[in-house]
Amino acid sequence: MFGRSYTPIGMSDVIFLGFLVICLVLLVGITVTMVYFIIRYSRKRHPQAEQIPGNIPLEIIWTVLPTVLVLGMFYYGWVGFKTLRQVPGDALQISVTGRMWTWTFEYPNGLKANTLKVPVKKAVNLNLTSADVLHSFFVPAFRIKEDAVPGMKTYLWFQAEREGTYDVFCSEYCGTGHSGMLSKIEVVSQDVFDQWYAGETAKPVKAPDGAALVVSAGCTGCHSLDGSRIVGPSLKGIFGEKTHVLTDGVERDIVVDEDYIRRSLLEPGKDVVEGYPAIMPAQTQLSAEEIDAIIDYLKTLK
Ligand SMILES: [Cu+2]
(Lines give C-alpha, C1' and ligand atoms only; values in the text may rest on other atoms or scores of the structure.)
Protein backbone atom coordinates (compact mmCIF):
# COMPACT_ATOMS: atom_id res chain seq x y z
CA MET A 1 0.00 0.00 0.00
CA PHE A 2 2.93 2.31 0.59
CA GLY A 3 5.13 3.57 -2.20
CA ARG A 4 8.87 3.28 -2.26
CA SER A 5 10.15 6.09 -0.12
CA TYR A 6 13.65 7.03 -1.07
CA THR A 7 15.17 9.18 1.65
CA PRO A 8 18.73 10.37 1.09
CA ILE A 9 20.56 12.28 3.80
CA GLY A 10 19.95 15.96 3.11
CA MET A 11 20.94 19.26 4.65
CA SER A 12 18.02 19.21 7.08
CA ASP A 13 19.11 15.80 8.39
CA VAL A 14 22.66 17.03 8.96
CA ILE A 15 21.36 20.07 10.86
CA PHE A 16 18.88 17.98 12.85
CA LEU A 17 21.54 15.43 13.83
CA GLY A 18 23.97 18.27 14.67
CA PHE A 19 21.41 19.85 17.01
CA LEU A 20 20.70 16.47 18.54
CA VAL A 21 24.39 15.87 19.26
CA ILE A 22 24.81 19.36 20.77
CA CYS A 23 21.76 18.82 22.98
CA LEU A 24 22.97 15.38 24.08
CA VAL A 25 26.45 16.68 24.97
CA LEU A 26 24.89 19.50 27.02
CA LEU A 27 22.37 17.21 28.72
CA VAL A 28 24.96 14.64 29.70
CA GLY A 29 27.64 17.23 30.58
CA ILE A 30 25.37 19.34 32.79
CA THR A 31 23.76 16.35 34.50
CA VAL A 32 27.07 14.64 35.28
CA THR A 33 28.61 17.89 36.62
CA MET A 34 25.53 18.57 38.73
CA VAL A 35 25.50 15.11 40.28
CA TYR A 36 29.26 15.31 40.92
CA PHE A 37 28.90 18.69 42.67
CA ILE A 38 26.00 17.44 44.80
CA ILE A 39 28.13 14.59 46.09
CA ARG A 40 31.49 16.37 46.23
CA TYR A 41 30.23 19.53 47.95
CA SER A 42 27.55 18.10 50.23
CA ARG A 43 27.56 19.55 53.76
CA LYS A 44 28.74 16.20 55.13
CA ARG A 45 31.95 16.20 53.08
CA HIS A 46 32.40 19.94 52.83
CA PRO A 47 31.01 21.62 55.97
CA GLN A 48 32.62 25.02 55.35
CA ALA A 49 31.65 26.89 52.12
CA GLU A 50 34.33 29.07 50.57
CA GLN A 51 33.63 32.62 49.41
CA ILE A 52 34.66 33.07 45.76
CA PRO A 53 34.53 36.75 44.73
CA GLY A 54 34.59 36.00 40.98
CA ASN A 55 36.53 34.48 38.12
CA ILE A 56 36.76 36.68 35.03
CA PRO A 57 38.17 34.11 32.53
CA LEU A 58 35.56 31.53 33.57
CA GLU A 59 32.72 34.07 33.31
CA ILE A 60 33.82 35.11 29.81
CA ILE A 61 33.97 31.47 28.68
CA TRP A 62 30.53 30.57 29.99
CA THR A 63 29.01 33.67 28.42
CA VAL A 64 30.71 33.62 25.03
CA LEU A 65 30.60 29.87 24.38
CA PRO A 66 26.81 29.40 24.79
CA THR A 67 26.17 32.66 22.88
CA VAL A 68 28.21 31.48 19.90
CA LEU A 69 26.60 28.05 20.11
CA VAL A 70 22.96 29.23 20.14
CA LEU A 71 23.59 31.92 17.51
CA GLY A 72 25.15 29.24 15.32
CA MET A 73 22.09 27.04 15.82
CA PHE A 74 19.84 30.00 15.04
CA TYR A 75 21.79 30.71 11.85
CA TYR A 76 21.30 27.19 10.47
CA GLY A 77 17.65 27.17 11.52
CA TRP A 78 17.08 30.52 9.84
CA VAL A 79 18.78 29.50 6.61
CA GLY A 80 16.62 26.37 6.45
CA PHE A 81 13.48 28.34 7.25
CA LYS A 82 14.22 30.92 4.54
CA THR A 83 14.73 28.20 1.95
CA LEU A 84 11.40 26.66 2.90
CA ARG A 85 9.55 29.98 2.66
CA GLN A 86 11.08 31.38 -0.55
CA VAL A 87 9.38 29.72 -3.49
CA PRO A 88 11.29 29.91 -6.81
CA GLY A 89 9.42 32.12 -9.28
CA ASP A 90 9.16 29.43 -11.95
CA ALA A 91 7.61 26.82 -9.65
CA LEU A 92 4.77 24.67 -10.94
CA GLN A 93 1.71 25.89 -9.01
CA ILE A 94 -0.62 23.20 -7.65
CA SER A 95 -3.71 23.75 -5.50
CA VAL A 96 -4.10 21.17 -2.77
CA THR A 97 -7.35 20.72 -0.85
CA GLY A 98 -7.57 18.50 2.19
CA ARG A 99 -10.95 17.16 3.21
CA MET A 100 -12.09 14.28 5.38
CA TRP A 101 -10.36 12.09 4.25
CA THR A 102 -8.71 12.69 0.90
CA TRP A 103 -6.26 15.04 -0.77
CA THR A 104 -7.22 16.67 -4.08
CA PHE A 105 -4.60 18.19 -6.36
CA GLU A 106 -5.53 20.73 -9.00
CA TYR A 107 -3.15 21.70 -11.81
CA PRO A 108 -3.04 25.15 -13.46
CA ASN A 109 -5.14 23.84 -16.38
CA GLY A 110 -7.93 22.69 -14.04
CA LEU A 111 -6.94 19.02 -14.15
CA LYS A 112 -7.80 17.33 -10.83
CA ALA A 113 -6.19 14.24 -9.39
CA ASN A 114 -5.93 12.25 -6.16
CA THR A 115 -2.23 11.55 -6.58
CA LEU A 116 0.30 14.20 -7.49
CA LYS A 117 2.41 13.67 -10.59
CA VAL A 118 5.32 16.10 -10.98
CA PRO A 119 8.45 16.40 -13.10
CA VAL A 120 11.84 15.66 -11.57
CA LYS A 121 14.22 18.55 -10.78
CA LYS A 122 11.41 21.09 -11.06
CA ALA A 123 10.26 23.34 -8.24
CA VAL A 124 6.65 22.62 -7.25
CA ASN A 125 4.64 24.96 -5.04
CA LEU A 126 1.63 23.55 -3.24
CA ASN A 127 -1.09 26.03 -2.30
CA LEU A 128 -2.86 24.38 0.57
CA THR A 129 -6.31 24.78 2.02
CA SER A 130 -8.94 22.63 3.68
CA ALA A 131 -12.62 22.16 2.92
CA ASP A 132 -13.55 21.16 6.46
CA VAL A 133 -11.20 20.76 9.42
CA LEU A 134 -7.53 21.16 10.12
CA HIS A 135 -5.31 18.76 8.15
CA SER A 136 -1.57 18.68 7.67
CA PHE A 137 0.20 17.82 4.42
CA PHE A 138 3.25 15.72 5.19
CA VAL A 139 5.82 14.20 2.83
CA PRO A 140 8.35 12.44 5.08
CA ALA A 141 10.80 11.67 2.25
CA PHE A 142 11.04 15.37 1.38
CA ARG A 143 11.12 16.51 5.02
CA ILE A 144 8.26 18.90 4.45
CA LYS A 145 5.01 19.44 6.31
CA GLU A 146 2.45 22.23 6.41
CA ASP A 147 -1.03 22.67 7.87
CA ALA A 148 -4.07 22.80 5.59
CA VAL A 149 -6.51 25.11 7.36
CA PRO A 150 -10.12 25.91 6.39
CA GLY A 151 -10.52 29.54 5.30
CA MET A 152 -6.78 30.07 5.10
CA LYS A 153 -4.14 29.70 2.42
CA THR A 154 -0.80 28.14 3.29
CA TYR A 155 1.95 26.95 1.00
CA LEU A 156 4.79 24.51 0.79
CA TRP A 157 7.32 23.89 -1.94
CA PHE A 158 9.76 21.18 -2.93
CA GLN A 159 11.96 20.08 -5.74
CA ALA A 160 12.28 16.33 -6.15
CA GLU A 161 15.80 15.32 -7.16
CA ARG A 162 15.06 11.70 -8.06
CA GLU A 163 12.25 9.93 -9.84
CA GLY A 164 10.14 7.65 -7.70
CA THR A 165 6.96 7.37 -5.70
CA TYR A 166 6.74 9.06 -2.32
CA ASP A 167 4.13 8.79 0.43
CA VAL A 168 1.88 11.63 1.52
CA PHE A 169 0.25 11.56 4.94
CA CYS A 170 -2.11 13.72 6.92
CA SER A 171 -0.29 14.48 10.15
CA GLU A 172 -3.03 16.31 12.02
CA TYR A 173 -5.69 14.14 13.63
CA CYS A 174 -8.82 14.98 11.63
CA GLY A 175 -11.37 12.33 12.54
CA THR A 176 -12.16 8.67 12.08
CA GLY A 177 -10.58 8.28 8.64
CA HIS A 178 -7.42 10.23 9.49
CA SER A 179 -5.04 7.29 9.27
CA GLY A 180 -6.41 6.44 5.82
CA MET A 181 -5.86 9.95 4.47
CA LEU A 182 -3.00 8.83 2.26
CA SER A 183 -1.78 9.87 -1.14
CA LYS A 184 1.32 9.68 -3.28
CA ILE A 185 3.67 11.94 -5.15
CA GLU A 186 4.87 10.41 -8.37
CA VAL A 187 8.06 12.01 -9.63
CA VAL A 188 8.66 11.36 -13.34
CA SER A 189 10.95 12.74 -16.04
CA GLN A 190 9.98 16.04 -17.65
CA ASP A 191 9.16 14.22 -20.93
CA VAL A 192 6.85 11.71 -19.29
CA PHE A 193 5.21 14.51 -17.33
CA ASP A 194 4.69 16.73 -20.40
CA GLN A 195 3.16 13.85 -22.34
CA TRP A 196 0.84 12.89 -19.49
CA TYR A 197 -0.16 16.51 -18.84
CA ALA A 198 -0.87 17.25 -22.51
CA GLY A 199 -2.77 13.97 -22.82
CA GLU A 200 -4.94 14.61 -19.77
CA THR A 201 -5.58 18.19 -20.85
CA ALA A 202 -6.64 17.13 -24.35
CA LYS A 203 -9.07 14.49 -23.08
CA PRO A 204 -12.69 15.46 -23.71
CA VAL A 205 -14.61 16.25 -20.55
CA LYS A 206 -16.35 13.00 -19.75
CA ALA A 207 -19.46 12.50 -17.69
CA PRO A 208 -18.68 11.96 -13.99
CA ASP A 209 -18.21 8.31 -13.07
CA GLY A 210 -20.11 7.34 -9.91
CA ALA A 211 -18.01 4.26 -9.20
CA ALA A 212 -14.79 6.31 -9.33
CA LEU A 213 -16.37 9.15 -7.34
CA VAL A 214 -17.31 7.08 -4.30
CA VAL A 215 -13.62 6.26 -4.01
CA SER A 216 -12.12 9.66 -4.89
CA ALA A 217 -14.57 11.61 -2.69
CA GLY A 218 -13.56 9.39 0.21
CA CYS A 219 -16.96 7.64 0.68
CA THR A 220 -15.44 4.17 0.79
CA GLY A 221 -13.32 5.19 3.78
CA CYS A 222 -16.47 4.75 5.90
CA HIS A 223 -19.02 2.97 3.69
CA SER A 224 -18.27 -0.48 2.35
CA LEU A 225 -19.53 -1.61 -1.03
CA ASP A 226 -19.86 -5.27 -0.06
CA GLY A 227 -22.33 -5.10 2.82
CA SER A 228 -19.77 -5.15 5.64
CA ARG A 229 -20.09 -2.65 8.46
CA ILE A 230 -17.27 -0.11 8.88
CA VAL A 231 -17.79 3.38 10.28
CA GLY A 232 -21.02 4.07 8.43
CA PRO A 233 -23.68 1.87 6.86
CA SER A 234 -22.66 -0.12 3.77
CA LEU A 235 -23.80 1.25 0.43
CA LYS A 236 -24.59 -2.19 -0.96
CA GLY A 237 -28.20 -2.69 -1.95
CA ILE A 238 -29.51 0.33 -0.06
CA PHE A 239 -31.31 1.93 -2.97
CA GLY A 240 -35.07 1.47 -2.75
CA GLU A 241 -34.79 -0.14 0.68
CA LYS A 242 -36.50 1.01 3.85
CA THR A 243 -34.25 2.30 6.58
CA HIS A 244 -34.66 3.53 10.12
CA VAL A 245 -33.32 7.06 10.69
CA LEU A 246 -33.18 9.66 13.41
CA THR A 247 -34.42 13.09 12.33
CA ASP A 248 -33.78 15.70 15.01
CA GLY A 249 -33.73 12.89 17.54
CA VAL A 250 -37.05 11.45 16.35
CA GLU A 251 -37.08 7.95 14.88
CA ARG A 252 -38.79 7.39 11.57
CA ASP A 253 -38.77 5.01 8.62
CA ILE A 254 -37.82 6.28 5.21
CA VAL A 255 -37.13 4.78 1.82
CA VAL A 256 -33.66 5.35 0.36
CA ASP A 257 -34.47 7.25 -2.82
CA GLU A 258 -32.67 9.85 -4.91
CA ASP A 259 -33.73 12.68 -2.61
CA TYR A 260 -32.52 10.86 0.47
CA ILE A 261 -29.09 10.15 -1.04
CA ARG A 262 -28.75 13.74 -2.20
CA ARG A 263 -29.74 15.00 1.25
CA SER A 264 -27.34 12.56 2.93
CA LEU A 265 -24.46 13.89 0.86
CA LEU A 266 -25.18 17.58 1.35
CA GLU A 267 -26.71 17.56 4.85
CA PRO A 268 -25.51 14.31 6.40
CA GLY A 269 -26.71 15.30 9.88
CA LYS A 270 -30.38 15.57 8.83
CA ASP A 271 -31.48 11.93 8.71
CA VAL A 272 -28.93 9.71 10.39
CA VAL A 273 -29.31 5.96 10.02
CA GLU A 274 -30.01 4.54 13.46
CA GLY A 275 -27.11 2.88 15.19
CA TYR A 276 -24.43 4.94 13.45
CA PRO A 277 -22.61 8.06 14.68
CA ALA A 278 -23.58 11.37 13.05
CA ILE A 279 -20.04 12.20 11.99
CA MET A 280 -20.18 12.37 8.20
CA PRO A 281 -18.86 15.63 6.71
CA ALA A 282 -21.06 17.40 4.13
CA GLN A 283 -19.84 16.69 0.58
CA THR A 284 -20.47 20.20 -0.72
CA GLN A 285 -17.54 19.91 -3.12
CA LEU A 286 -19.60 17.56 -5.31
CA SER A 287 -21.40 19.10 -8.27
CA ALA A 288 -25.04 18.27 -9.04
CA GLU A 289 -23.90 16.05 -11.94
CA GLU A 290 -21.47 14.23 -9.70
CA ILE A 291 -24.18 13.57 -7.13
CA ASP A 292 -26.45 12.24 -9.88
CA ALA A 293 -23.62 9.95 -11.01
CA ILE A 294 -23.21 8.63 -7.46
CA ILE A 295 -26.97 8.03 -7.20
CA ASP A 296 -26.93 6.12 -10.50
CA TYR A 297 -24.03 4.06 -9.27
CA LEU A 298 -25.73 3.21 -5.96
CA LYS A 299 -28.77 1.98 -7.89
CA THR A 300 -26.54 -0.65 -9.51
CA LEU A 301 -25.03 -1.82 -6.20
CA LYS A 302 -27.47 -4.63 -5.60
CU1 LIG B 1 -6.52 15.01 7.68
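The legends below accompany several close-up views of a predicted model.

**Figure 1. The three domains of the chain.** The domain assignment divides the protein into domain 1 (11–47 + 54–85), domain 2 (92–202) and domain 3 (210–300). The centres of domain 1 and domain 3, taken over C-alpha atoms, are separated by 58 Å.

**Figure 2. Helix α1, residues 11–40.** With 30 residues at 1.5 Å a residue, helix α1 should span 44 Å, and the 43 Å between its end C-alpha atoms agrees with that expectation. The number of buried residues among the 30 of α1 is zero, so the helix lies largely in the open. As background to this view, an α-helix has 3.6 residues a turn, so residues three or four places apart point the same way.

**Figure 3. The five-stranded sheet.** Five strands make up an open sheet with mixed pairing, and their order across the sheet is β3-β2-β1-β5-β8. At the edges stand β3 (112–113) and β8 (154–159), each of which has a single partner strand, so that one side of each is left without a neighbour in the sheet. Strands of a sheet pair through backbone hydrogen bonds, either parallel or antiparallel.

Figure 4. Strand β1 (residues 92–99) pairs with strand β2 (residues 102–106) in the antiparallel sense, and five bridges connect them. Within this pairing V96 stands opposite F105 in β2, while S95 has E106 of β2 as its bridge partner. The two strands are joined by a hairpin through two residues. W101 lies in the loop between β1 and β2, and the peptide bond that leads from M100 to W101 is cis, with omega near -5°. In general, most peptide bonds are trans.

**Figure 5. From β2 to β3.** Strands β2 and β3 run antiparallel and are joined by two bridges, with F105 standing opposite A113 in β3.

**Figure 6. Strands β6, β9 and β10.** Strand β6 (residues 135–139) and strand β9 (residues 164–170) are paired in the antiparallel sense over two bridges, and F138 stands opposite F169 in β9. Strand β9 is also joined to strand β10 (residues 183–188), with which it runs antiparallel, by five bridges; here G164 stands opposite V187 in β10.

**Figure 7. Two loop residues with positive phi.** Most residues other than glycine have a negative phi. K121, although not a glycine, has a positive phi of about 55°, and this residue lies in the loop between β4 (116–119) and β5 (123–130). With 12 other C-beta atoms within 10 Å, K121 is exposed. R143 is likewise not a glycine, and its phi is positive at about 60°; its place is in the loop between β6 and β7 (144–148). R143 has 16 other C-beta atoms within 10 Å and is partly exposed.

Figure 8. Three strands form an open sheet with antiparallel pairing, in the order β12-β11-β13. The edge strands, β12 (250–255) and β13 (271–273), each pair on one side only, and neighbouring strands of this sheet are turned against each other by 45° on average, direction ignored. Strand β11 (residues 242–247) runs antiparallel to β13 and is joined to β13 by three bridges, with T247 standing opposite D271 in β13. D253 has its place in strand β12 and counts as exposed, with 9 C-beta neighbours inside 10 Å. Although D253 and V273 are 20 residues apart in sequence, the distance between them in space is 9.6 Å, C-alpha to C-alpha.

**Figure 9. The packing of helices α5 and α6.** Two packed helices are described by the angle between their axes and the distance between the axes. Helix α5 (residues 258–266) packs with helix α6 (residues 288–300) at an angle of about 125°, and their axes are 10 Å apart. The two helices α5 and α6 are therefore oblique to each other, and their crossing is right-handed.

Terms used: Residues numbered from 1 in each chain as written. Predicted model: local features only at pLDDT ≥ 70, side-chain atom pairs only at ≥ 80, totals over all residues. Domains from an automatic or database assignment. Helix = DSSP H or I, 4+ residues; strand = E, 2+ residues; numbered from the N terminus. Expected span 1.5 Å × (residues − 1). Buried ≥ 20, exposed ≤ 12 C-beta atoms within 10 Å, placed from the backbone. Pairing = 2+ DSSP bridges. Axes fitted to C-alpha atoms, helices over the stretch in contact; angles between N-to-C directions. Parallel < 35°, antiparallel > 145°, perpendicular 65-115°, else oblique. Left-handed = near helix turned anticlockwise from the far one by under 90°.
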